[in-house]
Amino acid sequence: GLTMTPPVIDCSGWTGLLLVRAMQAENDVADRTIFSADDVCALQSWSDRIIHEIATRTGFILEGREITAHSLPRCATIGIKMGEPDWAKNHPRSRGITHVVQIVRSPKDDAPFVSESFGSSVLPGIRLTPLDQWLVQAQPSLDAAEVWAVDPFRLGSGK
């Protein structure tokens, strides 16, 4: 759990937590409903389903080489096909997505970072990587069109 050192939560749980908190904060600041309970509920799922729900509801998705530091939405959610793990054999995933990450921004200077969690890998924990560095590391997957980016904040009524 999150109280362990290092904290342990799977990627979809972490991304869902970040998105739900951000959407609740937006609703609170606006003092009205920008993100409906249905929007928030749709993000409490597996990595591939989070990407599917956002893409279907907003009509927006980037794939592979379309994904760059300049093309990404400000706080994009990104799904990645990371191999074919044994657990996925009995739980086929849309587009083969087995990992999801969230772009977050530094409150100090608005710099973009990729926040991600690994719950059951060799080195479990939550990581924060500068976006440019993460994109360099992800380049083979981007070239293979095994990465998809969506904009969860288009779900809001103020799109």
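Phe153 counts as partly exposed because its relative accessibility is 26%, where buried means under 20% relative accessible area, exposed over 50% and partly exposed in between, with a 1.4 Å probe and protein chains only. This is a predicted model, in which local features need pLDDT of at least 70 and side-chain atom pairs count only at pLDDT 80 or more, while totals for chains, interfaces and linings use all residues. Residues are numbered from 1 along each chain as its sequence is written, and side-chain values use heavy atoms, with hydrogens and water left out.

**Overall architecture.** The secondary structure of the protein comes to 4 helices and 6 strands, taken as DSSP runs numbered from the N terminus (helices H or I with at least four residues, strands E with at least two). Along the sequence these elements follow the pattern α-α-α-β-β-β-β-β-α-β. Buried residues make up 43% of the 159 residues. Of the contacts with a separation of 6 or more, 62% are between residues 24 or more positions apart, a contact being heavy atoms within 4.5 Å.

**The aromatic pair.** Rings of Phe, Tyr and Trp (its six-membered ring) pair if their centres lie within 6.5 Å, with planes under 30 degrees apart counted as stacked, over 60 as edge-to-face and the rest as tilted. By this rule the count comes to 1 aromatic pair. It is formed by Phe35 and Phe153, which are edge-to-face at 5.8 Å centre to centre with 80 degrees between the planes. The pair links distant parts of the chain, since Phe35 lies in the loop between helix H1 (11-30) and helix H2 (37-42), whereas Phe153 lies in the segment after E6, 118 residues apart. Phe35 counts as buried because its relative accessibility is 4%.

**Asp151.** The segment after strand E6 (147-150) also holds Asp151, which counts as buried because its relative accessibility is 11%. The side chain of Asp151 reaches the backbone nitrogen of Phe153 at 3.1 Å, a polar contact in the sense of a pair of N or O atoms within 3.5 Å, where within protein one must be able to donate a hydrogen and the other to accept it, and residues adjacent in sequence count only if both atoms are side-chain atoms. Leaving aside neighbours within four places in sequence, Asp151 is in contact with Ile54, Thr58, Phe60 and Pro73.

**The second largest pocket.** A pocket is an open set of points on a 1 Å grid over the protein atoms alone, where a 1.4 Å probe fits, with protein on both sides within 12 Å along at least five of seven lines; lining residues have an atom within 4 Å of a point. The second largest pocket has a volume of about 190 Å³. Its lining includes Ile80, Met82, His99, Glu116, Phe118 and Trp134, and divides into 6 nonpolar, 4 polar and 1 charged residues. Strand E4 (112-118) and helix H4 (131-143) each supply at least two lining residues, with the largest share, 5 residues, coming from H4.

**Two pairs separated in sequence.** Asp132 lies in helix H4 and counts as exposed because its relative accessibility is 54%. Val8, in the segment before H1, is partly exposed, with a relative accessible area of 22%. Their C-alpha distances to two other residues are tabulated below.

| Pair | Separation in sequence | C-alpha to C-alpha distance |
|---|---|---|
| Asp132 and Val114 | 18 residues | 9.2 Å |
| Val8 and Pro124 | 116 residues | 6.3 Å |

Terms used
Points joined across faces, edges and corners; volume = space filled by probe spheres on them. Nonpolar A, V, L, I, M, F, W, Y, C, P; charged D, E, K, R; others polar.
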